[in-house]
Amino acid sequence: MKIEVTGAEEAKAAVAAVAAAIADKPALHARIAKGARPVVSNWLLDRDGKAKRKPGWPRSGYWGHAAESASGEADAEAAWVIIRKEGVGLHLRGGTVKSRRPGGKLAIPLRAELAGVNPREKFADRADAFVLKSKGRGPEGRAFLAYRENGALRLAYLLLSSVTLGADPTVLPPDDRLAEAARRACASYIRSAARKSGAGGLRA
């Protein structure tokens, strides 16, 4: 008794389906972007949990917000993970931050309760605060935004012309993690294309 086993046509259909799927660059890149986005978001969330902070100061949540702002996008040319949180690129590549107002100062909070609070919010009435200059480092010393509380002098913010950050490549996950995410996304994409062709036994 001879039993004929077929499957060549199914295999051809699967190969054709996979070839067509790979040729569909926007769809392939979209799958890669979808797979890479969680890698970046989880990396940033982990960074948020490890961020150093002064004892008693609240967690800024900056990197958590950066994680939430990440999205996977793609077109026929490439796949990307875009992080829309302002400042992430500066942390990655380094650079100097200055006030957006000509001649303005950056206000660095010196008290835990002022973390994340704009000086304009804290001192809605400008008469409630004043600039205090001290003799010290540099030709002009240091400048602070200060106020009085029950007769006591309180320093609220350190005023700086600029702040320089060094480059930090650990802001983003290592290249090998992103490459692995892309490889898995491609494999999943190919398996899905093969299944849709009706040749479920073919594995990519």
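Visitor: Which residue forms a salt bridge with Glu86, and how far apart are the closest N and O atoms?

Guide: This is a predicted model, and in it Glu86 forms a salt bridge with Arg100, the closest N and O atoms being 2.4 Å apart. The pair links distant parts of the chain, 14 residues apart. Glu86 lies in the loop between strand E2 (79-83) and helix H4 (88-93), and Arg100 lies in the loop between strand E3 (95-98) and E4.

Visitor: Are Glu86 and Arg100 buried or exposed?

Guide: A residue counts as exposed when its relative accessible area is over 50%. Glu86 has 58% relative accessibility and so counts as exposed. Arg100 is exposed as well, with a relative accessible area of 72%.

Visitor: How many salt bridges does the structure hold?

Guide: The structure holds eight salt bridges. One of them joins Asp168 to Arg47, with the closest N and O atoms 2.6 Å apart. Asp168 lies in the loop between strand E8 (162-165) and helix H6 (175-196), and Arg47 in helix H2 (residues 25-50), so this pair ties together parts that are 121 residues apart in sequence. At 21% relative accessibility, Asp168 counts as partly exposed.

Visitor: What describes a pair of aromatic rings?

Guide: Such a pair is described by the distance of the centres and the angle of the planes. A search of the whole structure finds two aromatic pairs. Tyr62 and Trp63 form an edge-to-face pair, 4.9 Å centre to centre with 90° between the planes. Tyr62 is buried, and so is Trp63. Phe123 and Tyr147 form a tilted pair, 5.5 Å centre to centre with 55° between the planes. Phe123 is in the loop between helix H5 (119-122) and E5, and Tyr147 is in strand E6, so that the pair links distant parts of the chain, 24 residues apart. Phe123 and Tyr147 are buried.

Visitor: What is the order of the strands in the open sheet of four strands?

Guide: The order is E4-E7-E6-E5, with antiparallel pairing. Strand E4 (106-109) and strand E5 (130-134) stand at the edges with a single partner strand each, so one side of each is left without a neighbour in the sheet. Neighbouring strands of this sheet are turned by 45° against each other on average, direction ignored.

Visitor: How many bridges join strand E6 to strand E7?

Guide: Seven bridges join E6 (residues 142-149) to E7 (residues 152-160), and the two strands run antiparallel. Leu145 stands opposite Tyr157 in E7. In the loop between E6 and E7 is Asn150, which has a positive phi of about 55° although it is not a glycine. Asn150 counts as exposed, at 83% relative accessibility.

Visitor: Which residues make the nonpolar surface patch?

Guide: The patch is made by Leu110, Phe130, Leu153 and Leu155, and covers about 290 Å². Among them, Leu155 has its place in strand E7. Leu155 is partly exposed, with a relative accessible area of 31%.

Note on methods:
Residues are numbered from 1 along each chain as its sequence is written. This is a predicted model: local features need pLDDT of at least 70, side-chain atom pairs count only at pLDDT 80 or more; totals for chains, interfaces and linings use all residues. Side-chain values use heavy atoms; hydrogens and water are left out. Two strands pair if DSSP finds at least two bridges between them. Axes are lines fitted to C-alpha atoms, for helices over the stretch in contact, and angles run from 0 to 180 degrees between N-to-C directions. Patches are made of residues with over 30% relative accessible area and no salt bridge: like charges are joined within 9 Å, nonpolar side chains (Val, Leu, Ile, Met, Phe, Trp, Tyr) within 5 Å. Accessible areas come from the Shrake-Rupley method with a 1.4 Å probe; for residues, only the protein chains shown count as cover. A salt bridge is a side-chain nitrogen of Lys or Arg within 4 Å of a carboxyl oxygen of Asp or Glu. Buried means under 20% relative accessible area, exposed over 50%, partly exposed in between (1.4 Å probe, protein chains only). Rings of Phe, Tyr and Trp (its six-membered ring) pair if their centres lie within 6.5 Å; planes under 30 degrees apart count as stacked, over 60 as edge-to-face and the rest as tilted.
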